[in-house]
Amino acid sequence: MDLLTFSILAVLLVFFAAIVILHPSPVYSALSLALVMSLLAVYFFFLDAHLLGWFQIIVYAGAVMVLFLFVIMLLNLQNDPHEHQPQSLRAAAGIGGVVLAIELLLLFNRTTTPDSQHALPEGFGTVLSLSEKLFTDFLLPFEITSILLLVAAVGAVVLAKR
Amino acid sequence: MDFVITAILTVFILANIMNLGGLLLWVERKGSAVLQDRIGANRAALLGKLPLNIGIINTLVADPIKLFTKEDFIPPNADRLLHALAPAIAMVPALISFIAIPFGDVLVIGGREISLQAANLNVGILYILGMVSLGVYGIVLAGWASNNRWALLGGIRASAQMISYEIAMGLALIGVIMLYGTLDLQEIARAQGYMIWGIIPGWGIFYQPVAFIIFLAAGIAESKRVPFDLPEAESELISGYFTEYSGAKQATFMLVDFLESIVVAGLVTTLFFGGWQVPFVMRDGLHLPGDIFYPLPSLLVTLIQFGAFMTKLAFFCWLQIMIRWTVPRFRYDQLINLGWKILLPIALANVLVTALLILIFQAK
């Protein structure tokens, strides 16, 4: 991934991420969030992680954000006029943002730039290599995650039945 | 050179399915008339002279002219931007998902082997599933942007329905993926090119009949056609999510429906009916049972395979239209129950049984 592609994608991504929090209409915010998810998937494609990219699109843009939109439309949320937000909430959000930015800067200084000339291992990002890793080296985390998701699904059904 | 080849293949396949989409409109009008014992479209014969009174000119030429010259009305309280964008957002995923479906084995030109598939993706199935899941955005946005309660209801129904049936669809595909061990649609089509006991073609349907039925049902639900046309529901919601659309935009939504059923037909063909495979025809010629062999030129084999693929594709498009005009519509609760309580458990059981059978036969 060269610098030009990265920059164009980054500008688009930040632009739509800004729309998510700045646009008064919840539908536009949700749509921009879906676009942000899809643009992240484009990053994965350029980094040769095709499988991960498509999972990103199917799960986040295709399922999670559609459910968001579903809820927004079902409740028929109107435009949010930003004024009625309490001052303390804004202050908290500001402090949180500053702390996050400092953390990011510290992390950015610590990471070494990966060698972009370094050739990728054979079959990088394919279904075969990814699932092999998933079912050998990372079997325990994988199974624990499945159980967590199962618990969440069962919990949702139980709560819905009340 | 590779880029030129890819561009030609893409344009070729897109033109092909757009043509098929237009033709399906005629098949739908005339087919519904036949099923309902009507005559159907039979006017606008060429120059009023040729005996082409089967209405094909009518539907292919007169209908689009009519639709594209009608007033393009935007309701005063609609969200103008999203109202205009929604048909395009619905169109793009339906149109580009077909590029991952192979329509032939290889075309040999000047010693160069060209795989007849516009985009050779090693995650082809996931790509199409991703596009299918993005297809709901156009529908939902059309429903919301129209600022009409019927349209909104249609959009909400569409999002719930498509998410529910995506799960059954994906799980039905897992059995097929386990069987062939790849997500590449060209590889899957190639793997179906042998004969069981020398006479039955080794197509996916003979190994995964349950997955086929679940996939076809979920696929029809994904393309929002009767018996799953709750988002449109003419008798309840006027026209559902595209109630407030007219002219070319409404035509776009109609075309999207047809394109989606073509994509479903293409997937069914590739996964369960051998794709471009023709029984007994291999890459070098005709292999009949009893070691009879006729060599065929490579170009002829490619043409036969492409013809076979288009025939199978047209058959499944026709089948979906026949289902549409034969089966009555579900009630909304029946639709959701069918998706979650019937198709999903059967698909899960299919995955388990397939896994068990693969283990048993591999252990042997």
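Which residues do ring pairs link into a cluster?

## Aromatic cluster in chain B

In this predicted model, the cluster consists of Trp203(B), Phe212(B), Phe215(B), Phe272(B), Phe273(B), Phe315(B), Phe316(B) and Trp318(B), joined through ring pairs. Over all chains, a search of the whole structure identifies 22 aromatic pairs.

## Aromatic pairs in chain A

One of the 22 aromatic pairs is formed by Phe6(A) and Tyr43(A), in an edge-to-face arrangement with 5.7 Å centre to centre and 65 degrees between the planes. Phe6(A) belongs to helix H1 (residues 3–22) of chain A and Tyr43(A) to helix H2 (residues 26–46) of chain A, so the contact ties together parts that are 37 residues apart in sequence. Phe6(A) counts as partly exposed because its relative accessibility is 41%, whereas Tyr43(A), at 13%, counts as buried.

A further aromatic pair, between Phe45(A) and Trp54(A), is tilted: the planes are 45 degrees apart and the distance is 5.1 Å centre to centre. Trp54(A) has 8% relative accessibility and therefore counts as buried.

## Charge over a ring in chain B

Chain B also contains a contact between a charge and a ring: the charged end of Arg324(B) is placed over the ring of Trp325(B), at 4.6 Å from the ring centre.

## Confidence of the prediction

Chain B has a mean pLDDT of 82, with 95% of its residues at 70 or more. For the complex, the predictor reports an ipTM of 0.77 and a pTM of 0.84.

Methods
Residues are numbered from 1 along each chain as its sequence is written. Chains are lettered from A and ligands numbered from 1 in the order in which they are written. This is a predicted model: local features need pLDDT of at least 70, side-chain atom pairs count only at pLDDT 80 or more; totals for chains, interfaces and linings use all residues. Side-chain values use heavy atoms; hydrogens and water are left out. Rings of Phe, Tyr and Trp (its six-membered ring) pair if their centres lie within 6.5 Å; planes under 30 degrees apart count as stacked, over 60 as edge-to-face and the rest as tilted. Helices (H or I, at least four residues) and strands (E, at least two) are DSSP runs, numbered from the N terminus. Buried means under 20% relative accessible area, exposed over 50%, partly exposed in between (1.4 Å probe, protein chains only). A charge sits over a ring if NZ of Lys or CZ of Arg is within 6 Å of the ring centre and within 35 degrees of the ring normal. pLDDT is the predictor's confidence in each residue, from 0 to 100.
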